[in-house]
Amino acid sequence: MDPKDIKHLNPKLAPDAGEPIETMPGVQQHPGNGDPLDKIAEVHTRVLDTIAGFKKFSEKAEPEFKPVSDAFLATHQKHERELADYLRKHGREPGDDGSFFGTVNSSLIEIRSWFEDISDNVMDRVAEGEKHVLDGYEDARNTGQSIEANAMLAFHIKEINALMRAHGT
């Protein structure tokens with residue numbers, strides 16, 4: 001079969017898709033997919049933003065909801081350290097502040113706490129935030145990561161999904 005015949009099945013395999021480039025030892029990436037380390041840095045930023053939100057959740061949470069918020073916070077803090085270590089190992093200095101979204105998220109939680117209790121009634125917001133993080137993880141996994149990076153990303157996804165199932169989101 002001529003490679004041109006398979007372009008509709010997988011454009012990355014087509015001859016005109018560009019030659020693969022090696023971005024990290026042993027990782028070939030096709031042009032247009034994005035730099036794998038940039039994608040991990042984006043996940044790291046999303047996790048930092050999520051941590052900012054859960055810090056505020058934990059601060060404002062009703063006593064019965066605080067263990068839930070603290071569990072999410074601890075998991076994301078662990079993931080942040082692992083992502084930062086991975087980035088440093090590959091020559092990138094991870095950010096430490098997150099993005100503007102983290103500040104907005106914390107502010108919204110603060111304002112919401114003025115009008116209602118921060119308890120299990122916020123789980124819909126938690127689910128939305130976690131989806132944003134999980135989307136970042138999936139995007140990173142789709143850029144030709146190393147085996148090590150894919151294992152880390154997959155494990156983080158598994159832990160987040162387990163937390164969400166355990167707490168009904």
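Mentor: Rings of Phe, Tyr and Trp count as a pair if their centres lie within 6.5 Å; planes under 30 degrees apart are stacked, over 60 edge-to-face, and the rest tilted. The structure above is a predicted model, and a search of the whole of it finds 3 aromatic pairs.

Trainee: How is the pair of Phe 54 and Phe 57 classed, and what is the angle between the planes?

Mentor: The planes of Phe 54 and Phe 57 stand at 50°, with 5.6 Å from centre to centre, and the pair is tilted. Both residues belong to helix H1, which covers residues 36–60, and they are 3 residues apart, about one turn of the helix.

Trainee: Are Phe 54 and Phe 57 buried or exposed?

Mentor: Buried means under 20% relative accessible area. Phe 54 has 4% relative accessibility, so this residue counts as buried. Phe 57 has 7%, and therefore counts as buried too.

Trainee: Why is the pair of Phe 54 and Phe 72 called stacked?

Mentor: The planes of Phe 54 and Phe 72 are at 5° and the ring centres are 5.2 Å apart, so this pair is stacked. Phe 54 sits in helix H1 and Phe 72 in helix H2 (residues 66–89), so the pair ties together parts 18 residues apart in sequence. Phe 72, like Phe 54, is buried.

Trainee: Which residues do the ring pairs link into a cluster?

Mentor: The cluster consists of Phe 54, Phe 57, Phe 65 and Phe 72.

Trainee: Let us turn to charged side chains. How many salt bridges does a search of the whole structure find?

Mentor: The search finds 13 salt bridges. In general, one is assigned when a side-chain nitrogen of Lys or Arg lies within 4 Å of a carboxyl oxygen of Asp or Glu. Asp 35 and Arg 92 meet this criterion, with 2.7 Å from N to O.

Trainee: Where do Asp 35 and Arg 92 lie?

Mentor: Asp 35 is in the loop between strand S2 (27–29) and H1, whereas Arg 92 is in the loop between H2 and helix H3 (100–115), so the pair ties together parts 57 residues apart in sequence. Asp 35 is partly exposed, at 27% relative accessibility, and Arg 92 is partly exposed with a relative accessible area of 27%. A network of salt bridges links Asp 35, Asp 38 and Arg 92.

Trainee: Which parts of the chain does the salt bridge between Asp 139 and Lys 39 link?

Mentor: The side chains of Asp 139 and Lys 39 meet at 3.1 Å, N to O. This pair links distant parts of the chain, with Asp 139 in helix H4 (residues 123–141) and Lys 39 in helix H1, 100 residues apart. Asp 139 counts as partly exposed at 36% relative accessibility, as does Lys 39 at 23%.

Trainee: How many residues apart are Asp 135 and Lys 131 in helix H4?

Mentor: Asp 135 and Lys 131 are 4 residues apart in helix H4, which means a separation of about one helical turn. Their closest N and O atoms are 2.9 Å apart in a salt bridge. Asp 135 has a relative accessible area of 39% and is partly exposed; Lys 131, at 48%, is partly exposed also.

Trainee: What pattern does the protein chain follow along the sequence?

Mentor: The pattern is β-β-α-α-α-α-α, from 2 strands and 5 helices. Of the 169 residues in the chain, 38% count as buried.

Notes. Residues numbered from 1 in each chain as written. Predicted model: local features only at pLDDT ≥ 70, side-chain atom pairs only at ≥ 80, totals over all residues. Heavy atoms only, no water. Buried < 20%, exposed > 50% of the residue type's maximum accessible area, 1.4 Å probe, protein only. Phe/Tyr/Trp six-rings, centres within 6.5 Å; stacked < 30°, edge-to-face > 60°.
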